[in-house]
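This report goes through selected local features of a two-chain model. Please have the sequence and the structure open while reading.

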Amino acid sequence: MRSKLFPYILLTPYLIFFLLFLAYPILRGGYMSFFDWGIMGPKEYLGLGNYVDLFTDDRFWRVLGNSFLFMLLYVPPVILVSMFLAVLLHGFIPGIGIFRSIFFLPMVINVSVSAIAIKWLMDPQIGLLNRILDIFGIAPQTWLNQQGWAMLVVSLVVIWSSSGFNIIIFLAGLENISKEIYEAAEVDGSNPWTTFFRITVPLLRPVILLVTVLSVIGSLQVFGEIFMLTGGGPFGSTTVLAYYLYEKGFNNFDFGVAAAVGVVMTGIIAILTLIQFRFLGEREV
Amino acid sequence: MFKSKKFLFIVLAMVLVMPFAVSAQDNVTISFWSPFTGPDGQTIEAMVNDFNETAGPEMGVTVDMLIVPWDEYYTKLTVSMASNQAPNLAIAHSHRVPAFADEGTLIEFTRDNLETLNINEEDFISALWNAGEYEGARYAIPIDAFPRNIFYNKAVFEQAGLDPEVAPTTGEELMVALDAIQAIGDEEIVPIVISTSGSWAGREFYSLYMQYEPNLLNPEMTGVSDNFEEAATQALEVTTGLIDGGYALAAPGDWAALFAQNKVGIVFAQITHVLSLSQIEGLEFGTGVFPQFGPEPASFTLGHNFVMPIGSGQDPDHISASLQFISWFGDNAMAWAEGGKVPATFSVINDPAFTDLTAQSISTSQMDYLVLPPIIPEQSEIDTIIQENLEALYGGQSSIEDTVNRIADEINSLLG
């Protein structure tokens with residue numbers, strides 16, 4: 001009897017936190033989405049009214065498009081860059097610990113602090129980036145105020161700040177690949193590229209899946225960088241789902257609609273995660 | 001003997017503890033959330049400290065101020081209201097008051113409250129006073145305004161052969177000044193900075209628009225005013241004309257840094273910047289009213305207000321303590337005006353010492369034609385519509401006609 005209960009006793013602290021801070025908020029959000037919900041609580045039961053409002057709002061579809069655009073601009077590059085850097089950092093070169101720390105550093109810098117620095121860097125008049133372009137005779141660009149540039153810049157900033165975390169995951173995956181396999185490949189005359197594509201990538205497949213899933217989830221939840229760098233502009237071109245949720249809730253006090261946006265976000269993330277597990281996770285290597 | 005000693009000990013202990021008990025009972029501590037940082041933050045902190053050291057002990061009131069920076073202020077205030085943990089006293093922008101009042105989150109300032117505090121409508125700039133009222137009830141007491149105005153760089157004016165002591169006040173005078181600055185021939189000098197993104201772009205649009213048409217919305221508040229398209233077009237022709245004429249940049253970036261380096265002639269800004277500009281060593285600048293382009297003078301302004309959020313910490317004692325602090329603040333508002341604000345009350349405006357605050361006095365001279373946003377809960381959404389469409393216009397992705405039509409359609413759809 002004691003042995004059967006023991007695992008559950010060990011799980012209890014996690015379960016308490018899970019129920020309090022994850023399960024309850026999700027259920028509560030779902031419940032709120034069926035009401036006209038203001039700051040002080042529910043005003044009126046609307047059924048699916050908030051969802052109807054949402055799906056008939058042109059702005060919501062633009063925002064959804066922006067979210068997917070951000071995902072496209074962020075997920076593939078962050079996986080490739082992180083994997084590439086992880087492979088470089090996996091070797092035994094002098095000062096490797098310093099390099100690892102440098103790449104992880106952006107992860108621990110507060111979003112507000114890095115956003116201020118990036119805003120200065122990209123300022124159209126006094127920013128360093130435009131000064132460098134000026135040397136080559138290129139006219140200054142309004143990186144954060146131009147519809148074409150703003151989303152790209154935000155995605156680059158998020159790639160910079162989040163790749164450190166992915167590098168750590170890839171490094172852990174690389175540690176698990178037996179050195180004997182690499183030695184065998186070397187004996188067989190495999191060059192570095194063949195080794196990378198034929199051995200490293202296939203054996204990293206579960207890690208790539210994990211990083212992909214986490215990156216997709218992260219891309220749909222991006223908020224801080226957009227809040228600080230562009231405020232959703234210009235012309236709403238960087239307003240993504242999480243920022244739209246914030247606007248609906250904290251600017252317009254439509255917490256019912258904001259909750260509906262949250263439910264839709266959760267649904268999209270769940271569907272995309274299932275798809276990724278289905279197509280990336282099923283093949284054995 | 002033992003009993004009498006014990007009795008004596010108890011009496012002595014009570015005598016010793018009594019003053020503290022009375023003090024604890026009489027003294028009320030109110031929580032006050034302030035979003036001001038930088039020079040504003042230093043000013044309000046000094047005022048609160050002054051209150052806590054001088055008038056506060058006499059009134060039995062202590063103000064416990066928490067500074068929550070602007071970026072997250074309204075988010076935290078809203079969450080505190082939702083969780084019934086709101087502070088006793090808070091600051092709110094005039095255009096935010098209707099939405100908070102509509103949500104039932106604010107305590108009304110009753111007629112009795114105002115009489116107790118000796119607060120009279122006649123003592124306030126009327127536009128600011130009116131903005132604190134929603135559906136017949138008063139939810140906010142104004143403390144200041146920060147209208148649009150211009151700052152001009154005296155070094156650049158001198159270089160352009162302009163009188164550095166005279167600011168342009170009309171559209172024609174502004175253009176003369178801009179032509180003179182452009183004629184300097186220095187490509188690094190920007191004749192004028194106007195805001196082309198963010199909330200400031202909207203505020204400049206409102207200032208110009210309201211010179212052609214005083215009302216943004218129709219009297220029923222169900223859509224834009226009848227004259228919206230014409231007035232908005234005229235306002236946007238002014239700003240785009242400045243960009244197309246090479247006087248202004250479509251994306252100005254950090255104007256304050258350029259202004260400090262004597263690389264900007266004139267800037268459309270607001271009086272809140274006067275203190276930070278004054279602190280830049282070697283910068284000589286002047287202040288002017290927002291120039292009149294249209295047939296009527298108008299300068300768009302927002303203002304800060306005291307509000308009392310509903311929350312578990314509110315009871316008659318705390319409300320009374322908040323009211324006493326508000327009253328003290330009004331009596332000592334000169335210090336607040338010194339921080340770069342147009343004071344809300346005539347008692348400060350008419351004080352001879354106020355005329356020494358040159359920039360504030362010039363900005364205050366616009367008080368007869370200050371225009372605030374419409375008093376409706378949806379104003380934040382209207383601001384977003386206008387801001388986003390202006391960004392599209394200045395970003396070259398939309399014509400004036402399309403911008404105006406889209407703003408009108410989106411506002412009509414929101415309110416209709």
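The sections below cover a predicted model, beginning with a helix and a sheet and ending with single residues.

## Helix H9 of chain B

Helix H9 of chain B takes in residues 171-182. At 1.5 Å a residue, its twelve residues should span 16 Å, and the end C-alpha atoms are 16 Å apart, so the two values agree.

Four residues of H9(B) are listed as buried: B:Leu174, B:Ala177, B:Leu178 and B:Ile181. They cover an arc of only 100° around the axis and therefore sit on the same side of H9(B). An α-helix has 3.6 residues a turn, so residues three or four places apart point the same way. The partners of the buried residues of H9(B) are helix H8 (154-159), strand S9 (190-193) and strand S10 (264-270) of chain B.

## A five-strand sheet in chain B

Chain B has an open sheet of five strands in the order S2-S1-S3-S13-S6, with mixed pairing. Strand S2 (61-67) and strand S6 (141-142) of chain B are the edge strands, each pairing on one side only.

S6(B) runs antiparallel to strand S13 (residues 304-307) of chain B, and two bridges join them. Here B:Pro142 stands opposite B:Asn305 in S13(B). Helix H14 (residues 316-331) of chain B packs on the sheet, touching strand S1 (28-34), S2, strand S3 (89-93), S6 and S13 of chain B. The direction of H14(B) makes about 60° with that of S1(B).

## Contact between the chains

In the model, 20 residues of chain A are in contact with 24 residues of chain B. On the side of chain A that touches chain B, eight residues are nonpolar, eleven are polar and one is charged.

## Local features of chain A

Helix H8 (residues 179-187) of chain A has nine residues, of which zero are buried, so this helix lies largely in the open. Just after H8(A), A:Gly189 has a positive phi of about 85°.

A:Gly233 and A:Pro234 are joined by a cis peptide bond with an omega of about -5°. A:Pro234 lies in the loop between helix H11 (224-229) and helix H12 (241-251) of chain A.

B:Glu135 belongs to the loop between strand S4 (133-134) and strand S5 (137-138) of chain B. B:Asn262 is in the loop between helix H12 (255-260) and S10 of chain B.

Which of these two is buried and which exposed? B:Glu135 is exposed, with 9 other C-beta atoms within 10 Å, whereas B:Asn262 is buried, with 20.

Key. Residues are numbered from 1 along each chain as its sequence is written. Chains are lettered from A and ligands numbered from 1 in the order in which they are written. This is a predicted model: local features need pLDDT of at least 70, side-chain atom pairs count only at pLDDT 80 or more; totals for chains, interfaces and linings use all residues. The expected span of a helix is 1.5 Å times one less than its number of residues. A residue is buried if 20 or more other C-beta atoms lie within 10 Å of its own, exposed if 12 or fewer, and partly exposed in between; C-beta atoms are placed from the backbone. The arc is that of the directions from the helix axis to the C-beta atoms. Two residues are in contact if their C-beta atoms, placed from the backbone, lie within 7 Å. Two strands pair if DSSP finds at least two bridges between them. Axes are lines fitted to C-alpha atoms, for helices over the stretch in contact, and angles run from 0 to 180 degrees between N-to-C directions. Ala, Val, Leu, Ile, Met, Phe, Trp, Tyr, Cys and Pro count as nonpolar, Asp, Glu, Lys and Arg as charged, and the others, Gly among them, as polar.
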